[in-house]
Amino acid sequence: GWLPEEMNRTIHGVEHWLASESGRVIVCSGYMSDQVTGLFAVPSSRVDVVPNGVEARRWRASQAAVSAARARFAGDGPLVTFAGRLVYEKGVQHLLAGVPRLRELHPQLRVVIAGDGPYRGELEADVHRLGLADVVELPGFLGGELPALMAASDCFVVPSIYEPFGMVALEGAAAGAPLAVAA
């Protein structure tokens, strides 16, 4: 509900109603417990924390798939990647803002932003405005190729402004990617 668009206010209203009417509320983290108790005035005695998890073996790619991902995306330089819905809250714009400096330090740097969403156009505009068309690739949704891309990464980035679940960080870790995750 803290974002200004009508859809966010509507979602907030429905979530408030559901939390108020529920006998118990299950959340995935202490942070989300604080959000539910603070934003929706749900007593903490009605909130249970059940942490997220991933099936690690589903995120392990074969060495051949990892090598193919490196060949496709990395070129001769380090590979920094992101995967997720392309929406403002995922913070990809902050990753892009840091790429010019990273490129100064690593001229062969390659960045892959996997996924799709309504913020894609703004991100593509940022790529062109920053002169990064030869560095940044937005291949869209990768599906079954994603674990190999994660494992091929020198750094998998989760720059989210708001990330209530953090599943992609667990998936990246399960794939064996070094992570840089926003607080």
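Let's start with helix 4, residues 92-105, whose 14 residues reach 20 Å from first C-alpha to last, close to the 20 Å expected at 1.5 Å a residue (the expected span is 1.5 Å times one less than the number of residues). Helices here are DSSP runs of H or I with at least four residues, strands are E runs of at least two, and both are numbered from the N terminus. This is a predicted model, in which local features need pLDDT of at least 70 and side-chain atom pairs pLDDT 80 or more, while totals for chains, interfaces and linings use all residues. Residues are numbered from 1 along each chain as its sequence is written, and side-chain values use heavy atoms, leaving out hydrogens and water.

Follow helix 4 along to V99, where it bends by about 35° (the angle between axes fitted to the seven residues ending there and the seven starting there). A proline, P100, follows within four residues.

Now for the rings: the whole structure holds one aromatic pair. Y88 and Y119 have ring centres 6.0 Å apart and planes at 90°, so they meet edge-to-face (Phe, Tyr and Trp rings, the last by its six-membered ring, pair with centres within 6.5 Å; planes under 30 degrees apart are stacked, over 60 edge-to-face, the rest tilted). Y88 lies in the loop between strand 3 and helix 4, and Y119, 31 residues away, in the loop between strand 4 and helix 5. Y88 is partly exposed at 41%, whereas Y119 is buried at 17%.

Methods. Buried < 20%, exposed > 50% of the residue type's maximum accessible area, 1.4 Å probe, protein only.
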